[in-house]
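Have the sequence and the 3D view ready as you read.

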Amino acid sequence: MWSDKPQLKIGGALRFNYNLSSWKKEQIKRGGDFGLDMFRINADASYKKLDFHAEYRFYAKSSGGSFLKDGYLTYHFNDSTNLAIGLVQNPFGNTTYNSHNWFFNLPYYLGFEDKASMGIRFHQHSKRWSYDLAFFKNAMELDFGDQTEIDPSRYSNDVAGRNKEINQGNLKMEYLLSDNKRIGISGMLGGVYNIPTGQMGSRWAAAIHTDLSFGKLNLKLQSMYYQYHSADSAQYRDVLSLAAYGSAYEVATKAYLHTASFAYSLPVKLGPVTAVTFYENYSYMNKPQSGFADSQMNVLGGMVTAGNLVTYIDWASGRNQPWLGPEWQNGLSSGDSGSKWHSRFNINIGYYF
């Protein structure tokens with residue numbers, strides 16, 4: 001099964017983006033903007049039972065510039081058991097994605113979807129069960145100073161500002177009803193180091209999730225709860241900062257997150273177009289803190305596949321969602337009870353090679 005000769009594959013993608021946002025008055029006057037989304041390079045190599053994977057992305061300076069999305073070495077003990085080390089995706093919830101659209105769902109913006117951290121992950125599966133056990137020392141670190149905050153130029157949404165996430169353990173178990181139907185539970189427990197006080201806080205999260213396919217229909221459901229106990233002063237106990245793509249914003253230190261994502265894939269023969277996928281993805285964030293306003297997000301759209309060219313056409317809406325409205329700093333923390341729904345029409349065109 002494993003090759004005795006080294007194998008190397010280089011790939012990547014070039015993506016452009018058009019967007020028209022309801023809360024940007026001057027952009028509406030221009031009829032939206034069309035420009036570079038990102039360029040990426042992927043490298044995958046293998047030799048006997050050892051695999052290597054890395055993905056490096058290049059964005060505009062205002063979106064964080066360039067950074068490693070993920071990168072790790074994997075040793076395969078056998079067909080069902082492996083061990084990965086490096087910048088590894090966290091085994092939590094529906095993976096690789098808990099969504100179908102270009103924007104993902106709210107858990108991504110809270111650091112619980114397609115998130116990678118520095119550590120080690122053990123995976124094993126049988127005919128009916130799948131297990132993941134992981135330990136992550138910390139988020140991707142770019143500055144090894146004594147009291148330095150993390151660099152916000154990163155893909156994953158990580159704890160930032162006055163705190164750092166460290167010593168995190170993950171456990172994920174799934175039961176396979178069939179090849180394309182699975183249900184599972186996930187748990188996470190870790191530390192939060194507070195830079196000003198030099199004291200250690202804690203954080204934990206738990207989720208129940210399912211990924212079910214019925215012919216051309218796919219359904220992803222997930223409900224989770226997370227909580228941070230910061231060792232910071234009292235005025236910072238209800239919020240902390242997360243950062244990604246060169247920017248940081250506040251999030252509530254505890255919340256319930258519920259997502260429901262539907263997708264219907266339809267093979268077609270229309271010139272170069274071979275498939276169209278329609279989807280509706282909704283997520284809701286309930287914040288139990290007194291005076292905090294809940295957040296919502298909805299993405300209605302479709303993906304058009306034409307060979308190596310993939311196009312996402314999305315109508316993304318949000319209420320108290322920093323990336324889909326003007327409530328940038330506090331949308332996912334205290335929010336605004338009077339906030340209205342805002343929307344962004346988005347077309348992402350990508351050539352993958």
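Q: How do you know whether the radius of gyration of this chain agrees with that of a compact globule?
A: Set the two values side by side. The radius of gyration is taken over C-alpha atoms, and the globule rule is 2.2 Å times the number of residues to the power 0.38. For 353 residues the rule gives a value near 20 Å, and the chain has 20 Å, so the two agree. The C-alpha atoms fill a box of roughly 60 × 50 × 40 Å along the principal axes.

Q: What should I know about the model before reading on?
A: The model is predicted: local features need pLDDT of at least 70, side-chain atom pairs count only at pLDDT 80 or more, and totals for chains, interfaces and linings use all residues. Residues are numbered from 1 along each chain as its sequence is written, and side-chain values use heavy atoms, leaving out hydrogens and water.

Q: How many helices and strands does the chain have?
A: There are two helices and 19 strands. Both kinds are DSSP runs numbered from the N terminus: a helix is H or I over at least four residues, and a strand is E over at least two.

Q: Why is S130 called buried?
A: Buried means under 20% relative accessible area, exposed means over 50%, and partly exposed is in between (1.4 Å probe, protein chains only). S130 has 8%, so it is buried. It sits in strand β7, residues 129-138. Leaving out residues up to four places away in sequence, S130 touches H123, Q124, H125, K172, M173, E174 and L176; here contact means heavy atoms within 4.5 Å.

Q: Why does Q124 count as partly exposed?
A: Its relative accessibility is 33%, so Q124 falls in the in-between class. Q124 belongs to strand β6, residues 116-125. Beyond its neighbours within four places in sequence, its contacts are S80, T81, W129, S130 and Y131.

Q: What makes G119 buried or exposed?
A: The value is 15%, so G119 is buried. G119 also lies in strand β6. Not counting residues up to four places away, it touches A84, I85, G86, V88, F135, F136 and K137.

Q: Why is S295 put in its accessibility class?
A: With 0% relative accessibility, S295 counts as buried. It is found in strand β17, residues 295-306. S295 and R319 are 24 residues apart in sequence, and their C-alpha atoms are 5.5 Å apart in space. Among the contacts of S295 outside four places in sequence are L106, M285, R319 and L332.

Q: What makes a group of residues a nonpolar core, and which residues have the most contacts inside the largest one?
A: A nonpolar core is a set of buried Ala, Val, Leu, Ile, Met, Phe, Trp, Tyr and Cys residues joined through side-chain atoms within 4.5 Å. The largest has 43 residues, and F103, L110, F112, M224, Y226, M285 and L332 have the most contacts inside it. Strand β13, residues 239-244, gives the most to this core, with four residues. Contacts of L332 outside four places in sequence include L106, L110, M285 and S295.

Q: How much of the chain is buried?
A: Buried residues make up 51% of the 353 residues.

Q: Which two residues does a cis peptide bond join?
A: The bond joins T95 and T96, with omega about 10°. T96 is in the loop between β5 (81-89) and α2 (106-109).
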